[in-house]
Amino acid sequence: MYRIHFAALGWANQLGHSDFKGERLAHILVDENDAIPSAPNVSKALREAKALGLIGQDSKAACLVLPSHMFQKASVGGRTCSVHGITGRAAA
């Protein structure tokens, strides 16, 4: 679940959204045996990360969202999220 948090931080755009369409997040979460986690295991890790407040409740495997209280980014990355239907909203 901490790897999910770090992935969200590392790939976040100006809105705090990290696009992981397809199975890209699962590939980032590969375990020590180079096994790609199953969809249920990715979902479980997402639930645990949400419960700890490491990612926002609206996070999905396709897009991790950082809580606004822990993320600010003014100049790097886009201001859109196709997963959540955000187009060009200014960073908060």
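How many helices and how many strands are there in the protein? Hi everyone, let's start there: the protein has three helices and four strands. Please keep in mind that this is a predicted model.

How confident is the predictor? The mean pLDDT for the protein is 84, and 86% of the residues reach at least 70. Looking element by element, helix α3, residues 39-51, has the highest mean, at 94. Strand β3, residues 80-81, has the lowest, at 72.

Now for the overall picture. The protein has 92 residues, and 36% of them are buried.

Which residues make the nonpolar patch of about 490 Å²? They are M1, Y2, F6, L9 and L52. I'd like to pick out F6 from that group. F6 sits in helix α1, which covers residues 2-11. Is F6 buried or exposed? Its relative accessibility is 53%, and the cut-off for exposed is over 50%, so F6 counts as exposed.

Next, the aromatic rings. Searching the whole structure turns up one aromatic pair. The partners are W11 and F20, with ring centres 5.5 Å apart. Because their planes meet at 70°, and edge-to-face calls for over 60 degrees, this pair is edge-to-face. The two partners are worth looking at one by one. F20 has 0% relative accessibility, so F20 counts as buried. W11, on the other hand, is at 42% and therefore counts as partly exposed.

Finally, the charges. How many salt bridges does a search of the whole structure find? The search finds one. It links K21 with D19, and the closest N and O atoms are 3.0 Å apart. What about the accessibility of these two? K21 is at 43%, so K21 counts as partly exposed. D19 is at 34%, and D19 therefore counts as partly exposed too.

So, to recap what I'd look at on screen: the patch made by M1, Y2, F6, L9 and L52, the edge-to-face pair of W11 and F20, and the salt bridge between K21 and D19.

Definitions and conventions: Residues numbered from 1 in each chain as written. Predicted model: local features only at pLDDT ≥ 70, side-chain atom pairs only at ≥ 80, totals over all residues. Heavy atoms only, no water. Patch = residues over 30% accessible without salt bridge, like charges linked within 9 Å, V, L, I, M, F, W, Y side chains within 5 Å. Areas by Shrake-Rupley, 256 points an atom, 1.4 Å probe, with all protein chains shown as cover. Salt bridge = Lys/Arg side-chain N within 4 Å of Asp/Glu carboxyl O. Helix = DSSP H or I, 4+ residues; strand = E, 2+ residues; numbered from the N terminus. Buried < 20%, exposed > 50% of the residue type's maximum accessible area, 1.4 Å probe, protein only. pLDDT = per-residue confidence, 0-100. Phe/Tyr/Trp six-rings, centres within 6.5 Å; stacked < 30°, edge-to-face > 60°.
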